[in-house]
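I opened this entry to keep track of what I looked up, one item at a time.

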Amino acid sequence: VCLASPLHSPKLKDSINGTSEIPNTTLLHHFTSPFELKQAVAFLIKTNKPLSLLPLSRVTSICALTPDFPFAQQIFSSVDQQEVAIWNSCLRHLAEGSSLIDAVYLFHQMRSYNVSLDCFTCSFVLKACVGLRYLLHGRIVHGYIEKLGFQSNLVLLNSLLHLYATCGAMADANLLFDKMPQRDVVSWNIMITQLAKKGDVDGAFDLFEKMPERNLRSWTAMITGFVHCGKAKEAIRLFVEMEETGLRANEVTVVAVLAACADLGALELGRRIHEYSNKSGFKRNVHICNTLIDMYIKCGCLEAAKVVFDEMKERTIVSWSAMIQGLAIHGHGDEALELFNEMIKMGMKPNEVTFLGILHACSHMGLINKGRELFTSMSRDYNISPQIEHYGCMVDLLSRAGLLQDAYELITSMPIKPNAVVWGSFLGGCRIQKDVKMAEEAIRQLGVLDPLNDGYYIIMSNIYAEAKRWEDAARVRKLMKDRGVKKTPGWSSITIAGATHEFVAGDDNHPQAEQIIKRWDELLEQMKSKGYVPNTSVILLDIEENEKEKYVYRHSEKLALVFGLMNIKPGETIRIMKNLRVCEDCHAAFKVISEIVKREIVVRDR
C-alpha cells in the first residue's frame, strides 16, 4: 500500500480495476522513468507478484539522480538485497563511462539518504574525481575513508595518491605517500609518473632507485619521464638496463625509446626497436608508426620514413603532418606539396602542425605566392587561426626570398605580439641578404625579448664581420660579455658500433687525433683538385687568411667526418650530429668529400 499509494494515473486505476492489462514484458523490464517504475510496482502488488521480478540495475539507473532515490531504497528493502552493493554497481557504471559528474552526484545522493558506504563506493567515486580533476570532492572522500576506518585499504590509498598527484597537489601526495602503512609497486609508479610529468625528473629517478621491486610500468614511466624532460641519453641508458633485467618492452615503452632515438639520432637502436616492434605484433599501432616516421626523418633516413608511411593501414593527421614536415626539412618541397594535396583529396583536414610543415616546404623552395596562399587559406578555408609559429614561417619565407621589407611589415602588423623566434627568423634573413640596417633593428628587439640567447649575438657579429665592420663585430662580442652571455660550445658527434664519439673544434685530445689530422690533409689535397676553396668568411676574427683557413679546417664536424671515414666500413653512410648550425664551409666541403669517397654523408644540425 505504501508503494502503490502515490500512483494514481488513470491508466493505473484502469489496470487495477481490471479494465486494461499492463503488458509485463515491456513495463516490468523496460520502464524509462520513475513514473513508469511506479506503475510497474503497482502492477506487481496488484497481481501479488514479488518485486524481485524488477531489474534492480534498471531501478538504480532510473532513480539514482532523481528525487525518487528513496523510492528505489524502499524497493531494495522489500526484496532483501544489500542496498550498497546495488548502488555501487550503478556508481561503477557511471565512473567508468562518460558520466563522471553523475557518479559524483550519485555519491552525494548516497550520503544524503544514509546509504552505508563501503570501500568500493569510495574507490569508484575517486575514479570519477580523478577523471574530472575534482580535488575538493576527492578530499571529502578522503575524509570518509578516515572516518569509516579504511586507512589500511591499499587500493583506496593508491586511488587517493593518484588523485592528489594528478590534480597537482604534490605536497599532499608526498605526505600521503610517506604516511602509507604499506606501499606496493602501484604506489611507487604513481609517484614516479606524476613527478616526471610535473618536470621533477630528478625526484622521480630518486624514487625509482629506491623502489624495492619494479615492473615494466615502472621502467616505462621513468624512460618516458626522461624523454619528456629532454634527457634522451638517460632514457636510452635506462632502456638498455631494463633489457638486461629480462623485461620485454610494451607499446608504450617502444614509443618512448623511439622518441629518445629521434632526439639523439640513434639510428642503430631505432632500427633494432623497429624490428622488435614488428616481431611483437605492434606494426598496426598508429602511435608507434608515427614515432617511427619522426625518428627516421630526424636521423636522415627519408626513404625509411616513406616505407613506414606507405605501409600504414590507418593514418591520422599526425602521420600526414610528420611526413609532410619530413619531406620539407629534407628539401623535397615538391613532394611535400603533392602529399599535402593528396591528403586534402582524401578528405583529411589539415591542422596547425600540417600547415607548419607545408609553409616550411614553401620557405625551402622559395614559393612566395604559394606560401602566402596557404597562409591565407588557414583561416579562410579551415578556420585555423595562425599562431606565432606560422607567422615565424612566413617571416622566414619572405626573408629568405629577399623581401625583408615585406617581412618587417608582417611582423609589425601581426595580431600577436612577435616573440624572439619571429625576430630571430628575420635576423637570419638579414644575414642571407647582408642587410646590416634591418639586422640592427632585429637585434634591438631581440635584446629585449631574449637578451641571453648567444645565437642572435653571433649572427649579428657575423653580419658585421662579413661587412668588414670589425669594430662593430667586436662591440657585439663585448656586449655579450657585459650582459653575461656565454657562447654555447659547439660539438659534433658520431656513433660507431654503439659508441658515441664527440669532437669540439680544434680537438687534439682524441686518441686518434694525429691520424685524423693526417687523413684530413690527404683529403684536402684531393678536395682542392676538385675546385674546393675554403670559405674563411665564417671566421670572425680579424687575422691573416692562412690562419683563418687553419680554424676552418679544424671544425668539429670535419673532425667527426674524418674519424667516421677511418672507422666505418667503405660504402656505409656516415651520420653526424651537430649541436649548433653547420657553417657554410663545412656544408660545401662535405659535398666535395662525399663525391671523393663515394659515400652518403648525413649531417643533422640545430
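This is a predicted model: local features need pLDDT of at least 70, side-chain atom pairs count only at pLDDT 80 or more; totals for chains, interfaces and linings use all residues.

I then checked the strands themselves: E3 covers residues 574-578, E4 covers residues 601-604, and the two pair in the parallel sense over four bridges. I also looked up helix H33, residues 584-597, which makes a right-handed β-α-β unit with E3 and E4.

Next entry: two helices. How do the axes of helix H25 and helix H26 cross? I noted residues 404-412 for H25 and 420-433 for H26, with axes that come within 11 Å and cross at roughly 170°. Angles over 145 degrees count as roughly antiparallel, so H25 is roughly antiparallel to H26. I listed the residues that meet: Leu404, Ala407, Tyr408 and Ile411 on the H25 side, and Val422, Trp423, Phe426, Gly429, Cys430 and Gln433 on the H26 side. I sorted the residues of this contact into eight nonpolar, two polar and no charged.

Last entry: positive phi angles. I found asparagine 383 with a phi of about 55°, although it is not a glycine. I placed asparagine 383 in the loop between helix H23 (368-382) and helix H24 (388-400). Is asparagine 383 buried or exposed? I read a relative accessible area of 71%, so asparagine 383 is exposed.

I then turned to lysine 468, which is not a glycine and has a positive phi of about 65°. I located lysine 468 in the loop between helix H28 (454-466) and helix H29 (470-482). Lysine 468 counts as exposed, at 58% relative accessibility.

Terms used:
Residues are numbered from 1 along each chain as its sequence is written. Side-chain values use heavy atoms; hydrogens and water are left out. Axes are lines fitted to C-alpha atoms, for helices over the stretch in contact, and angles run from 0 to 180 degrees between N-to-C directions. Angles under 35 degrees count as roughly parallel, over 145 as roughly antiparallel, 65 to 115 as roughly perpendicular and the rest as oblique. Contact means heavy atoms within 4.5 Å. Ala, Val, Leu, Ile, Met, Phe, Trp, Tyr, Cys and Pro count as nonpolar, Asp, Glu, Lys and Arg as charged, and the others, Gly among them, as polar. Two strands pair if DSSP finds at least two bridges between them. A crossover is right-handed if, with the strands pointing away from the viewer, the path from the first strand over the helix to the second runs clockwise. Buried means under 20% relative accessible area, exposed over 50%, partly exposed in between (1.4 Å probe, protein chains only).
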